[in-house]
Amino acid sequence: MLSIPKYEFWFVSGSQHLYGEETLKEVAENSKKIVAGLNEKGNLPYKIVFKEVLTTADEITKFMKEANYNDNVAGVITWMHTFSPAKNWIRGTQLLQKPLLHFATQYLDYIPYDTMDFDYMNLNQSAHGDREYGYINARLQKHNKVIYGHWQDSEVQRQIADWEDVAVAYDESFKTKICRFGDNMRSVAVTEGDKIQAQIQLGWTVDYYGIGDLVAEMNKIKESEIDDQYADLESKYIMVQGNQSKEEFQATVRYQLKQYIAMKKFLERGGYTAFTSNFEDLHGMEQLQGLSAQLLMRDGYGFAGEGDWKTAGLLRIFKIMTHNTKTAFMEDYTLDLRPGHEAILGSHMLEVDPSIASEKPRVEVHPLDIGGKADPARLVFSGDEGDAIDVTLADFRDNFKLVTYPVDAHKAEKDTPNLPVAKQMWTPKPGLKNGATKWIEAGGGHHTVMSFAATEEQVRDLATLYGVELCDIN
């Protein structure tokens, strides 16, 4: 299953010595109360740790260096309780290599008209201290996140939680290794890309392995290992034998489980967290990876077909960001263009992630019609309903581009008895005609990541951290 390190976020408050030691003590105490309040509320996926009140350029620089080199720290949160001269932040902010959140808040959410005096004004200066600090971040083109509002507000806490997930996904991005079993599908353009630039900009390592390496790994798998996985499969899914004999059905399913066990061992040994397959490169294999790929996505691995390593890496990042919740590899499959019914039916040949299933998936065996191999087993199910987003990553040589729109996800109007694959229907919220036109004009590909858990704001934050172009069709 998806495993994420126990990250934490460091919180510091900016101030200066102009107002005396008593004021600095109050800054520290208020900061501790805010951090404790945020953690105790239980809305954040990762713990915030208050570190100190920073008043000089040397302190700030030292702190940022420590944040950079501590592997447990996923990002830094800053708060300007009093007025902190922003020239002090220049060097340290320049050195910071981790996500930065400027939390523009105030200790009290009201103005104490009856009691406030100059001591209160000296202590509570975030109203203009945030402008001073924000100016230098903008001047440095830090492209940091700014969250504005009272720290006890539930919407503000949701924003912090969402940003923490993006920051962790960004940090984990530089550990992401993608294994390509075979090369890209021949003659296809949009699945290609600059793997070196991806490693420089996104942190992804993309390696190739011949399919024979996987076949050799499969030959090592013991029947007892497959027995255990078969029993687990029977306990979680509906086994549909169909027109096959019991022996034929079991043999086909067991072959996919052998692929699953072999690929998982191969990926774990190499430290890979995402992978691709290609139906054109199956030498020595009896079936294309179908059920086996679906089970690995269920476990949290990134995946895409036809050698599309960009979508495989993107799926892995979104699975980290959403804690592997309702987030799947998808492809625009066919269209309903009738007025009042406008929608896209999404699927792939075999490989749709069961995390978006609205019903208990069925294990079925059917022909594939391409690839020239035996009929593969796959999970068949209908997708879910509700608000979701669809996003893809394209390489335009001068930069990567994220293309995205929000969608209204729903189920198909009828069953598809002659198309036995997992499927998901959706309509772009900007409208099918308008949304799809702008998607095509932007050069967005047909392989996407669909997520019911990620938000449009998180996609924008991720694009900002990566420094990639964003085409937000909404």
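These legends accompany close-up views of a predicted model.

**Figure 1. Overall fold of the predicted model.** The protein has 14 helices and 19 strands. Its radius of gyration is 25 Å, close to the 23 Å that the globule rule gives for 474 residues, so the protein is as compact as a globular protein of that length. The C-alpha trace spans about 85 × 55 × 45 Å along its principal axes. Of the 474 residues, 54% count as buried. The accessible surface comes to about 20600 Å². Carbon and sulfur atoms hold 49% of that surface. Among contacts with a separation of 6 or more, 79% join residues 24 or more positions apart.

**Figure 2. The largest nonpolar core.** This core has 119 residues. W204, V253, F275 and F318 have the most contacts inside the core. Helix α10 (residues 246-270) supplies the largest share, 10 residues. In soluble globular proteins, nonpolar side chains tend to be buried together.

Figure 3. F318 is among the residues with the most contacts inside the largest nonpolar core. Beyond its neighbours within four places in sequence, F318 is in contact with T327, I389, V391, V449, A454, V459 and L462. A second, separate core has 16 residues. L54, M64, V76 and L100 are included in this second core.

**Figure 4. T252 in helix α10.** T252 is located in helix α10. T252 has a relative accessible area of 12% and is therefore buried, the limit being under 20%.

**Figure 5. E217 in helix α8.** E217 belongs to helix α8 (residues 211-218). Its relative accessibility is 5%, so E217 counts as buried. Apart from neighbours within four places in sequence, E217 is in contact with A262, K265, F266 and R269.

**Figure 6. K145 and its two salt-bridge partners.** The side chain of K145 meets that of E457 in a salt bridge (2.5 Å, N to O). This pair links distant parts of the chain. K145 is in strand β5 (residues 145-148), E457 is in helix α14 (residues 456-466), and the two are 312 residues apart. E457 counts as buried at 17% relative accessibility. K145 is buried too, with a relative accessible area of 13%. K145 also forms a salt bridge with D461 (3.1 Å, N to O). This second pair again joins strand β5 to helix α14, across 316 residues. D461 is buried, with a relative accessible area of 12%.

**Figure 7. The salt-bridge network around K145.** K145, E155, R158, D162, E457 and D461 are linked in a network of salt bridges. Side chains of opposite charge can pair when their charged atoms come close. The count for the protein comes to 28 salt bridges.

**Figure 8. The D336 and R338 salt bridge.** D336 forms a salt bridge with R338. The closest N and O atoms are 2.8 Å apart. D336 is buried, with a relative accessible area of 16%. R338, at 42% relative accessibility, counts as partly exposed.

**Figure 9. A nonpolar patch on the surface.** The patch is formed by I111, Y113, M116, F118 and M121. Together these residues have about 590 Å² of accessible area. I111 sits in the loop between β4 (100-104) and α4 (118-123). I111 is partly exposed, with a relative accessible area of 44%.

**Figure 10. S358 in a loop between two strands.** S358 lies in the loop between β12 (343-347) and β13 (362-365). Its relative accessible area is 28%, so S358 is partly exposed. Not counting residues up to four places away in sequence, S358 touches S382, G383, D384 and K411. S358 and W151 are 36 Å apart in space, C-alpha to C-alpha. In sequence, S358 and W151 are 207 residues apart.

Note on methods
Residues numbered from 1 in each chain as written. Predicted model: local features only at pLDDT ≥ 70, side-chain atom pairs only at ≥ 80, totals over all residues. Heavy atoms only, no water. Patch = residues over 30% accessible without salt bridge, like charges linked within 9 Å, V, L, I, M, F, W, Y side chains within 5 Å. Areas by Shrake-Rupley, 256 points an atom, 1.4 Å probe, with all protein chains shown as cover. Salt bridge = Lys/Arg side-chain N within 4 Å of Asp/Glu carboxyl O. Helix = DSSP H or I, 4+ residues; strand = E, 2+ residues; numbered from the N terminus. Buried < 20%, exposed > 50% of the residue type's maximum accessible area, 1.4 Å probe, protein only. Contact = heavy atoms within 4.5 Å. Core = buried A, V, L, I, M, F, W, Y, C linked by side-chain atoms within 4.5 Å. Rg over C-alpha atoms; globule rule 2.2 N^0.38 Å.
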